[in-house]
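Below is a short briefing on one protein chain. Please look at the sequence and the structure before reading the points that follow.

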Amino acid sequence: MGISALLLPALATAIVTTREGRVQELKRIEATALLRETDEAVRSVREKGWAQFAVNGTYFPAITGSTWSLTAGTQTIGNFTRQVVISDAQRSATGAIVASGGTVDSSTKRVVTTVSWTQPFAATVSNETYYQRYLNNAAWSQTTQAEFNAGTFVNTVSTSTGGGAVQLATTPGIPNWGSPSVVGGYNASGNQDALDVFTVGNFAYLSDGTVMTILNITTPATPTLVGTYTASGTINHVYVDGNFAYLSTTSDSAELTVVNITNPASPVLAGTENLPGNADARAAFVVGGFAYMGRVSSTTSSSREFQILNVSNPANPAVAGGIDMSGTVNNIKVSGNFAYLATTIDTQELVVVNVTNKNSPTTAGSYNAAGSADANDLGIDGNTVYLAEVNNTSGAEVFSINVTTPSSPSLLDTFEVGGAVTGVSVLNGYAFLSTAITNRQLIVLDAAAPNNLLLEANVNLGSSANDVKAHGSYTYMATASNTQELMIVGPAIGPSGFQPSGTFDSSTFDAGASAAYNYITFTITEPASTNVRLQIAANDDNTTWNYVGPDGTAATFYDVPGTIRLNTAGRYLRYRATLSGPGTSTPVFSDISINYSP
């Protein structure tokens, strides 16, 4: 009895435990089968399409019609409860899946299927699976020149290299005004000296005695005659505005002669103005329907040396106002509400006139250049006036003057030429001077810093130069030559190169519906100091293009060739390639392929 008392409880417990363990094992077998069914149901739903499957939440599988679907919530089957939990998957910078702290992968979902029960003991069987979007993948590729040509180029071009590629655009050689030379010229009829030249568009207007010669300068090396007009007096100055040329002449009855040049091959007289007195007209500047004229000094008070005319009707000029100066006004430039006059007044070689009121202009300020030499011409670049004088035995002939405050011009720098300067023209950081100095009829100054004028070059034209106009990449000289009254001077051209940077935006890819873009592969060639970087933009409106790199911001780029994971979605896609280099070589972007899942 003692032995039985010891053995029977243990034996009874063992029998009960064995029976319950067998039941629990049977439950586990049933749960495992149910789990496998759940996994297969999930797989079936995934294969029907990604968009309906990849929605985070808790579900259970159910048969709808003849196929599986996922229904929100959990399901109880007898003593079992099953569920499917769909959540985001995260990846590290290297692409490895991580539990947290990574970047959400829009093409991967974490799915945990679970079956649980409570009798005879609480237990669970589960399975964790990562489903990816990569079914029926396709790729959008661009490899040919024709495909690249559908994109947008900024300082880049397509080439046929390797069947098609994109590279930086070439640049023309850099002009070098340190080594200029005569590149062309024109021999006007007769032996009159050319006194003035005006350039606009593809035409040059040359004053040659009483004749205005109109030349086509589309090809500067070989200007060609278009037409001529003969005035009633010597033409001292030409200014062209729109379809009219305004001539300042020595005619006592037509100091201002207006010529219609609508047809440059057949210019015709439009109108004239007989200014009071007999003083010759020396200069004209036309803007805003008004002509600002300079005349030779006269003792007649009515013969004002600075005159403003209303030329809103060019056929009928009308005097508006003026100022009686105490010297000749050799040239005029107008900027804003101020006219700047180059004069022969010893104490006011530069005179600034407020022309806000055209009928009553007033002197606003002046500048007294050192010495007593007359001012022949002036040029304006922003707030700097470049004043050119005849030979100044006391020093410089060229003065750069700050006119930021027109009422008080101030000296920036001077440059001594050593002879008379007959004209000045300013363009692209250079001041071009025409002179009568032997072997130096064109002088080029580096005026990039107006307070530090530097000699750039001297050019021997073989004849005195009376005027200069800088236009485009050339300077046009009015000379005293009998065989080339117009001479055209150009800079030396350095070797061509490549743009330092540029972009290429692809054409738009339409996936037909929102798609996931999985991988990008591309091929580039990068010589030393060159670089190609890519960014991707995707959207569903075909309008909003925000180019981003690997971290989803505009601050990063895809710049290492090979297969690179993307994490981008949208119906429409473009890529942008940014190319850069040192100017002497270019990188080459050869091809690209972007893998996507519908």
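In which sense do strand 26 and strand 27 (residues 338-343) pair, and over how many bridges? The two strands pair in the antiparallel sense, over 6 bridges. The model is a predicted one. The points below cover the chain, one of its sheets and some of its salt bridges.

**The chain as a whole**

- The chain contains 3 helices and 46 strands.
- The radius of gyration is 43 Å, well over the 25 Å that the globule rule gives for 598 residues, so the chain is more spread out than a compact globule.
- The C-alpha trace spans about 155 × 50 × 50 Å along its principal axes.
- Of the 598 residues in the chain, 47% are buried.
- Among contacts with a separation of 6 or more, 54% come from residues 24 or more positions apart.
- The accessible surface of the chain is about 26,000 Å², and 49% of this belongs to carbon and sulfur atoms.

- An open sheet is formed by 4 strands in the order 26-27-28-29, with antiparallel pairing.
- Strand 26 (329-335) and strand 29 (362-367) are at the edges with a single partner strand each, so one side of each has no neighbour in the sheet.
- On average, neighbouring strands of this sheet are turned by 25 degrees against each other, direction ignored.
- Ile332 has Leu341 in strand 27 as its bridge partner.
- Strands of a sheet pair through backbone hydrogen bonds.

**Salt bridges**

- Side chains of opposite charge can pair when their charged atoms come close.
- The chain has 9 salt bridges.
- One of them joins Asp196 and Lys469, with the closest N and O atoms 3.9 Å apart. Asp196 lies in strand 14 (residues 194-200) and Lys469 in strand 38 (residues 465-471), so the pair ties together parts that are 273 residues apart in sequence.
- Asp196 has a relative accessible area of 3% and is buried; Lys469 is buried too, at 18%.
- Another salt bridge joins Asp377 and Lys333, at 3.7 Å from N to O. Asp377 is in strand 30 (residues 375-381) and Lys333 is in strand 26, so this pair ties together parts 44 residues apart in sequence.
- Asp377 counts as buried, at 2% relative accessibility, whereas Lys333 is partly exposed at 21%.
- Arg571 and Asp510 also form a salt bridge, at 2.7 Å from N to O. Arg571 is in strand 45 (residues 562-580) and Asp510 in strand 43 (residues 509-525), 61 residues apart.
- Arg571 is partly exposed at 28% relative accessibility, and Asp510 is partly exposed at 37%.

Conventions:
Residues are numbered from 1 along each chain as its sequence is written. This is a predicted model: local features need pLDDT of at least 70, side-chain atom pairs count only at pLDDT 80 or more; totals for chains, interfaces and linings use all residues. Side-chain values use heavy atoms; hydrogens and water are left out. Two strands pair if DSSP finds at least two bridges between them. Axes are lines fitted to C-alpha atoms, for helices over the stretch in contact, and angles run from 0 to 180 degrees between N-to-C directions. The radius of gyration is taken over C-alpha atoms; the globule rule is 2.2 Å times the number of residues to the power 0.38. Buried means under 20% relative accessible area, exposed over 50%, partly exposed in between (1.4 Å probe, protein chains only). Contact means heavy atoms within 4.5 Å. Accessible areas come from the Shrake-Rupley method with a 1.4 Å probe; for residues, only the protein chains shown count as cover. A salt bridge is a side-chain nitrogen of Lys or Arg within 4 Å of a carboxyl oxygen of Asp or Glu.
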